[in-house]
Amino acid sequence: MRVNIANHEGMIIWDGIYYFALSDYPHISPWELKKLLLFIDYEKQHGRQTEIVCENAEILAAVNNVIDNPETVKNALLPTKITECTQCKQHGCLTEFLCHTATIENAKKILTSGKLLSAVKAFGKNADELVSDKRNAAGDPADYFDYIMFAWGNCVGGDRLVMERELGRFPDENDLSINFAPGVRFYLRHEDIVHHPGYVFDGYHPAKVKDELVLFDYLYACIVPEKYKQEFEKLIQPEIADKIYYLPQDGLGLWDWADKVYEFIEKVKKQ
């Protein structure tokens, strides 16, 4: 895997390249250095070498120094807000909550079973089959499919991916505005998930969990578009019924919907 550190607009792994963005380019923070080390370690555990590419000599020197002296960033703390990507209305990723977004049909299966499942378990296919599936447009490696992936709570990436999966192509501006159809969002507290026995931080995804996660133990809130309320009410396990909320979309596009949902999650926290 190649890690390209530059003044990118956001963080993404695509086709074997990790576009590593910084919150304050060209300065690289202790947290970002720690995250990079964890990524290198994760890749090594799965038999992959990491190549660092960076045109800035000072950044590259800092990276090489921390590779030789990992203890210097061992205690670096996760910021409450990460500004590697500032496209959302909060102008950065807020790190109190994690979110997993599912299509309407997959969300029904999740709520019926009471579990979030990795792709391998959810689709009943082995990882090699999923790697070669046309839905793996990013070229993710086989081990990724053994995990449930989470984004930060205010991120739009989950709903964008849901639209992509539903359409079978990359969504355009109309898909994300006048034709936007949100998925179901499952919210969990980051501080809870780090104690899950299957928790992994791979230096890229905010968090992921191996195999499965029982909602009764970890679910903070589930946001369902209100128009599906009748379909979902009969599926909900009684143990989590008080954590399911139905919000009207009111014609909102991707960005405004994400903002509305996160504002609601903040209100839930205060109840």
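**Surface patch and salt bridges**

Mentor: Ile12, Trp14 and Phe170 form a nonpolar patch on the surface, with about 290 Å² of accessible area together. Patches are made of residues with over 30% relative accessible area and no salt bridge; like charges are joined within 9 Å, nonpolar side chains (Val, Leu, Ile, Met, Phe, Trp, Tyr) within 5 Å. Accessible areas come from the Shrake-Rupley method with a 1.4 Å probe, and for residues only the protein chains shown count as cover.

Trainee: What kind of model is this?
Mentor: This is a predicted model: local features need pLDDT of at least 70, side-chain atom pairs count only at pLDDT 80 or more, and totals for chains, interfaces and linings use all residues. Residues are numbered from 1 along each chain as its sequence is written, and side-chain values use heavy atoms, with hydrogens and water left out.

Trainee: Where does Phe170 lie?
Mentor: Phe170 lies in the loop between helix 6 (157-167) and strand 10 (184-189). Helices (H or I, at least four residues) and strands (E, at least two) are DSSP runs, numbered from the N terminus.

Trainee: Is Phe170 buried or exposed?
Mentor: Exposed, with a relative accessible area of 52%. Buried means under 20%, exposed over 50%, partly exposed in between (1.4 Å probe, protein chains only).

Trainee: New topic. How many salt bridges does the structure hold?
Mentor: 14. A salt bridge is a side-chain nitrogen of Lys or Arg within 4 Å of a carboxyl oxygen of Asp or Glu.

Trainee: Which residues are linked in a network of salt bridges?
Mentor: Glu43, Arg48 and Asp143. The side chains of Arg48 and Glu43 meet at 2.7 Å, N to O. Both Arg48 and Glu43 are buried.

Trainee: And Glu212 with Lys115?
Mentor: Their side chains form a salt bridge too, at 3.3 Å, N to O. The pair links distant parts of the chain: Glu212 sits in strand 13 (residues 212-214) and Lys115 in strand 8 (residues 115-117), 97 residues apart. Glu212 is partly exposed, at 29% relative accessibility.

Trainee: What about Asp259?
Mentor: Asp259 lies in helix 10 (residues 254-270). Asp259 is buried yet has no salt bridge. The nearest side chain of opposite charge, Lys89, is 4.5 Å away. Here Lys and Arg count as positive, Asp and Glu as negative; His and the chain ends are not counted.

Trainee: What follows helix 3?
Mentor: Gly114, whose phi is positive, near 80°.
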